[in-house]
Amino acid sequence: WGRNFGLMVIKDALRGVVLWHKYVRHETVAQYVEGIEWLKSNGFRIYGIVTDGMKGLPQALKPIPVQMCQFHQAMIVRRHLTSKPELPAAIELMDITNILAHTDKESFIGMLDDWGERWTSFMGERSTDLRTGKTSYTHKRLRSVYLSLRRNMPWLWTHYDYPELHIPNTNNALEGVFTDIKTKLRVHSGISKQRRIAMIQELIARR
């Protein structure tokens, strides 16, 4: 939320209550683990966690089941391919990604497998830099998002694999908290950091 000022939040997905928050300069895996350990030490039982996909976080939270927010995964793809890609392969992959949060695990993996088989050679194409003579992948962004989907697949369907835990497939409810706070803070954009924190504390307390 600006240079060297961020807010980390853990929210109860079932009750809609903010359980823990911390002001940070930069978010780290260690700080998320700190929040989880605080919950445990205060008697909370954690059945599952929805995260935005921060690298290394699912491994650090083992053995708790972790669901990567499907909306954030879609945003990763959209950020690399843009919302209106031009390459046929990119258009197809964007279309597949857009239904991620609205389909089942088997259908999505089947579509992604089919896409990968048809476009493997295309993703493997390389170009040569005439100045240096070095080669690199021609379609770096397309290759990157495909590998991102593959790499994150173990955590994209935790809600599907553990239906009894009632884990959401996105953290949109938490994003709503951030949007509401940011909207109210924007009206007071010139206030000091201390006043900003006081306002955030008040807004969180009301939830």
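Predicted model: local features only at pLDDT ≥ 70, side-chain atom pairs only at ≥ 80, totals over all residues.

Q: OK, how many helices and strands does the protein chain have?
A: The protein chain has 9 helices and 6 strands, and its C-alpha trace spans about 55 × 45 × 25 Å along the principal axes.

Q: And what share of the residues is buried?
A: Of the 207 residues in the protein chain, 36% are buried. As for contacts between residues at least 6 apart in sequence, 53% of them join residues at least 24 apart.

Q: Let's look at a helix, then: which residues of α4 are buried?
A: Helix α4 covers residues 88-98, and the buried ones in it are Ala89, Ala90, Leu93, Met94, Ile96 and Thr97. They lie on the same side of α4, because the arc that they cover around the axis is only 160 degrees.

Q: What covers those buried residues?
A: The cover includes three helices, namely α3 (70-81), α5 (105-123) and α6 (140-156).

Q: Take α6 from that list; at what angle do α4 and α6 pack?
A: The angle is about 30 degrees, and the axes of α4 and α6 are 11 Å apart. An angle under 35 degrees counts as roughly parallel, so α4 is roughly parallel to α6. The crossing in which α4 passes α6 is left-handed.

Q: Which residues meet there?
A: From α4 there are Ala89, Ala90, Leu93 and Thr97, and they meet Leu142, Val145, Tyr146 and Leu149 of α6. Sorted by class, this contact of α4 with α6 has 7 nonpolar residues and 1 polar residue, with no charged residues.

Q: What does Thr97 touch?
A: Leaving out residues up to four places away in sequence, Thr97 touches Ala74, Val77, Phe108 and Leu149. Thr97 and Gln70 are 27 residues apart in sequence, while their C-alpha atoms are 9.2 Å apart in space.

Q: Now α5 and α6: at what angle do their axes cross?
A: The axes of α5 and α6 cross at roughly 145 degrees and come within 11 Å, and α5 passes α6 in a left-handed crossing. On the α5 side the contact is made by residues including Phe108, Leu112, Asp113 and Trp115, and on the α6 side by residues including Arg143, Tyr146, Arg150 and Met153. By class, the contact of α5 with α6 has 10 nonpolar, 1 polar and 3 charged residues.

Q: Switching to the backbone, where is the cis peptide bond?
A: The cis peptide bond joins Lys62 and Pro63, with omega at about 5 degrees, and Pro63 is found in the loop between α2 (57-60) and β4 (66-68). As background, most peptide bonds are trans, and most residues other than glycine have a negative phi.

Q: What about phi, then: what value does Thr82 have?
A: Phi of Thr82 is near 70 degrees, which is a positive value in a residue other than glycine. Thr82 is found in the loop between α3 and α4, and is partly exposed, with a relative accessible area of 42%.

Q: And what is the phi of His166?
A: His166 is not a glycine, yet has a positive phi of about 55 degrees. His166 is found in the loop between α7 (158-161) and α8 (172-186), and counts as exposed because its relative accessibility is 59%, where the cut-off for exposed is over 50%.

Technical notes
Residues numbered from 1 in each chain as written. Heavy atoms only, no water. Buried < 20%, exposed > 50% of the residue type's maximum accessible area, 1.4 Å probe, protein only. Helix = DSSP H or I, 4+ residues; strand = E, 2+ residues; numbered from the N terminus. Arc of directions from axis to C-beta. Contact = heavy atoms within 4.5 Å. Axes fitted to C-alpha atoms, helices over the stretch in contact; angles between N-to-C directions. Left-handed = near helix turned anticlockwise from the far one by under 90°. Nonpolar A, V, L, I, M, F, W, Y, C, P; charged D, E, K, R; others polar. Parallel < 35°, antiparallel > 145°, perpendicular 65-115°, else oblique.
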